[in-house]
Amino acid sequence: MAAEPASTPLPSQVTPAQLIGEISRLVRELPPCAHCGQGTRHGPVSGQLVPAAREPYDDSPIVDVLEFVDDDERWLWRLVDEAERVAAAAPPGPDPAQTALIEQRFQEAYEAEQKVAARIQATVDALARPSSWLRPGHRAALARHLRDDRAAAVLAAIQRVRFEEMRTRLRAVATCRTDYLRTHRDTLSAGRNAREELTRILDGLIDAYARMPQPPAWFKFGLDFPPEPGSRREWLKQARCEMVERRRAALDRGPF
């Protein structure tokens, strides 16, 4: 059976004008582009759309909005850090227990000195009476007590002066620290207020994670959520510490 003649010219018989016309016809028959709605498709036709060349392709991981640290929170952390730096540079204060002990010892030495002084004055007054000469034995005993009390007064004065000097040094150290803290009062106060505000923010984040149907692994397993009955206070303290570490790590990473 003879073959039917070809409906289109053979390649060797196609003229340049016919080739351009055939290409134009094929282009017109293609469906519109799924991205811009004009012209031809920018890629192969398939079940999935291929992004246009002019559309940016973002391959960065999805960021949890609860992990985002905004500028206001960053400012609060800076206030806390500045307050901690100022507090760390403060001169050390005296040991409260040692201060209380020295204050007590000084008071005891002072009262002992006053008692000796009172006895000396009473003995001197007794010896000054003319009637004391009528009782020579009693007057001699008063004279011996006077010598002993004057010797005791010297020792009491030495003790009182020693404890007074120690108390003065401790008070000077405490005054130096107090003056430093008073000078940086605004910075320290701002840090305290910022720390309180950050605590409210951290508690809000902890509550948000706790309300999730499926909390993240670090929260559920790292913090053993939910806490056991009777251990919520300790668990909350641990959760706050963990949140502080995570927020500070986010600060080091910089803004998203």
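## Rings, charges and a surface patch

Phe 219 and Phe 225 are both buried. They also form an aromatic pair with each other, with ring centres 5.1 Å apart and 50° between the planes, which makes a tilted arrangement. Keep in mind as you look around that this is a predicted model.

Phe 225 has another ring partner. Its ring and that of Trp 235 are tilted too, because the centres lie 5.7 Å apart with the planes at 45°. This pair links distant parts of the chain: Phe 225 sits in the loop between helix H6 (217-220) and helix H7 (232-253), while Trp 235 belongs to helix H7, 10 residues apart. Like Phe 225, Trp 235 is buried.

Which residues make up the aromatic cluster here? Tyr 209, Trp 218, Phe 219, Phe 225 and Trp 235 form it together. Across the whole structure, a search turns up seven aromatic pairs.

| Charged residue | Ring | Distance to ring centre |
|---|---|---|
| Arg 162 | Phe 163 | 4.6 Å |
| Arg 167 | Phe 106 | 3.9 Å |

Now step back for the overall picture. The protein is built with seven helices and zero strands, so if you read along the sequence you get α-α-α-α-α-α-α. Of its 256 residues, 21% count as buried. As for contacts with a separation of 6 or more, 70% come from residues 24 or more positions apart.

Start with Glu 73, which you'll find in helix H2 (residues 71-88). Is Glu 73 buried or exposed? It counts as buried, because its relative accessibility is 4%, and the cut-off for buried is under 20%. Leaving aside residues up to four places away in sequence, Glu 73 touches Phe 68, Leu 198, Ile 201 and Arg 247.

Then head to helix H4 (residues 136-183), where Leu 155 has its place. Leu 155 counts as exposed because its relative accessibility is 58%, and exposed means over 50%. What does Leu 155 make together with Val 154 and Ile 158? The three form a nonpolar surface patch of about 300 Å².

Definitions and conventions
Residues are numbered from 1 along each chain as its sequence is written. This is a predicted model: local features need pLDDT of at least 70, side-chain atom pairs count only at pLDDT 80 or more; totals for chains, interfaces and linings use all residues. Side-chain values use heavy atoms; hydrogens and water are left out. Patches are made of residues with over 30% relative accessible area and no salt bridge: like charges are joined within 9 Å, nonpolar side chains (Val, Leu, Ile, Met, Phe, Trp, Tyr) within 5 Å. Accessible areas come from the Shrake-Rupley method with a 1.4 Å probe; for residues, only the protein chains shown count as cover. A salt bridge is a side-chain nitrogen of Lys or Arg within 4 Å of a carboxyl oxygen of Asp or Glu. Helices (H or I, at least four residues) and strands (E, at least two) are DSSP runs, numbered from the N terminus. Buried means under 20% relative accessible area, exposed over 50%, partly exposed in between (1.4 Å probe, protein chains only). Contact means heavy atoms within 4.5 Å. Rings of Phe, Tyr and Trp (its six-membered ring) pair if their centres lie within 6.5 Å; planes under 30 degrees apart count as stacked, over 60 as edge-to-face and the rest as tilted. A charge sits over a ring if NZ of Lys or CZ of Arg is within 6 Å of the ring centre and within 35 degrees of the ring normal.
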